[in-house]
Number of protein chains: 2
Amino acid sequence: MAYDLWYWPQIPGRGEFVRLALEAAGITYRDRAREEGADALAADLAARKGLRPFAPPYLVDGDFAIAQVAHILAWLADRHGFGAGTLARDLELITVQLTVSDMVAEVHAVHHPVATGLYYREQEDAAARAAAEFRAGRLTRFLDYFEDALGENGGPFVLGDRWSHVDTSLFQLVEGLQYMFPRRMAAVFGGYPRLAACHAAVGAIEGVAAYRASSRCIAFNEDGIFRHYPELDGP
Amino acid sequence: MAYDLWYWPQIPGRGEFVRLALEAAGITYRDRAREEGADALAADLAARKGLRPFAPPYLVDGDFAIAQVAHILAWLADRHGFGAGTLARDLELITVQLTVSDMVAEVHAVHHPVATGLYYREQEDAAARAAAEFRAGRLTRFLDYFEDALGENGGPFVLGDRWSHVDTSLFQLVEGLQYMFPRRMAAVFGGYPRLAACHAAVGAIEGVAAYRASSRCIAFNEDGIFRHYPELDGP
């Protein structure tokens, strides 16, 4: 039976981290809100009971729903064999994957430092300060950490010659950062050869390449996590 | 063999969510940075290789290190039997636990909206706006979600009469929110009888009560996640 993925249909956002792993692994899924719209997503989420998702994305398999990007990916990796296959290594992958989630949250907070419920234009002064700080500090601190993780097994992937959910996520992180901070990424990314190699290797995975060439893959835009506001970028 | 917990020694912070579960379960651990200081923590973290923690807290068992609060707790729950004991339910607990982590990150961002690397006094204008928005919106949105989760099995705990890592975390969340937003929590907390019952039930767990009466349990302060700045609170 195919999985149902539920996520906001107009942005790649956090949903894309789940999609890329599904596509790389050739797993069949229905992208429900892309088919049925955001209202259907809101209705589905509101109708769920018990220990339910707090927010999209979530993946549904029959009666079971699982939320939180890193959690969804760890579960899929275990079921479909794109984790490490040993407990200690799988747990280490999850530690790294959760750090990807932390970076994604910090990236969103750059353009929404005051509140997610306000528009960017209502908080652009604070965002300008947040962006300058992020570009100068946290950006490379996170990239340094992921670069080191990719050195663990000789690359191009974290596990070596076999991709995992961490790699597809690092691909999307690099894509997003290059979209959001083109000047800053141009200035620093030369210092991250392993991330560049991982990015290239994930892009060459057959399922990823086919997905990204399809109309199902939508572009970054200024409603999402990664937004290109030139005033937030810098050298 | 006892676990080693590593976390910043001067604050309860994210480490406290791990400590409370360890104490509730009666699991022996060494609180390394409390014994040896913050420099020892920085040195230990810097010396780690490969797929290592990005930041404290992390828990070490021999050669293995695991980071990220929700991940540490899920792993401990599996090893020590304070999860649900069935896969689907354990996965659901992790979904909720990761939502606790999200709320903790948002709470921290209230007093540090611009950058974690700046002092509060360097961003207090943005923090005042962030706090007003948080008190009006996200605070009760999260609490509503946790209140619902506690209704799933009749309380006082998420699983019913047996505590899990989610309950000890909800206890700490309530403690922290009452410290940080005493006026706002006084105004709204009457609407959360299940959270109040869970809080009371966790506080009565023998290991938790003994720990909290000991000198090992330190008070909230203005270097931590939950900070009491009266100007950020309101009715």
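In the predicted model described here, A:Gln68 sits in the loop between S4 and H4 of chain A, where helices (H or I, at least four residues) and strands (E, at least two) are DSSP runs numbered from the N terminus. The phi angle of A:Gln68 is near 80 degrees, a positive value in a residue other than glycine. Most residues other than glycine have a negative phi, and most peptide bonds are trans. A:Pro156 is placed in the loop between H6 and helix H7 (165–180) of chain A. In chain B, a cis peptide bond likewise joins B:Gly155 and B:Pro156, with omega about 0 degrees, and B:Pro156 belongs to the loop between helix H6 (124–150) and helix H7 (165–180) of that chain.

Residues are numbered from 1 along each chain as its sequence is written, and chains are lettered from A and ligands numbered from 1 in the order in which they are written. As the model is predicted, local features need pLDDT of at least 70 and side-chain atom pairs count only at pLDDT 80 or more, while totals for chains, interfaces and linings use all residues; side-chain values use heavy atoms, with hydrogens and water left out.

Turning to the arrangement of the two chains, chain A can be laid on chain B with an RMSD of 0.0 Å by a turn of 180 degrees and a shift of 0.0 Å along the axis (superposed by least squares on the C-alpha atoms of residues with pLDDT of at least 70 in both copies). The two copies are thus related as by a two-fold rotation axis. Among the residues of chain A, A:Pro113 comes closest to this axis, at 2.6 Å (C-alpha). The same surface serves both copies, as 100% of the contact residues of chain A recur in chain B.

At this interface, 41 residues of chain A are in contact with 41 residues of chain B (contact means heavy atoms within 4.5 Å). The area buried between the chains is about 3900 Å², of which carbon and sulfur atoms give 64%; buried area is the accessible area (1.4 Å probe) that two parts lose on being put together, summed over both. In chain A, the residues that lose the most area to chain B are A:Leu51, A:Phe54 and A:His71, together 22% of what that side buries. Two salt bridges are counted between chain A and chain B (a side-chain nitrogen of Lys or Arg within 4 Å of a carboxyl oxygen of Asp or Glu). B:Arg52 forms a salt bridge with A:Asp148, with the closest N and O atoms 3.1 Å apart. Strand S4 (64–67), H4, helix H5 (87–111) and helix H6 (124–150) of chain A each supply at least two residues of the side that touches chain B, and H5(A) gives the most, with eleven residues.

Within chain A, the domain assignment gives domain 1 (3–80) and domain 2 (87–215), with bounds that come from an automatic or database domain assignment. Their centres, taken over C-alpha atoms, are separated by 20 Å. The contact takes 16 residues from domain 1 of chain A and 19 residues from domain 2 of chain A. About 1500 Å² is buried between these domains, with carbon and sulfur atoms giving 72%, and the count of salt bridges between them is zero.
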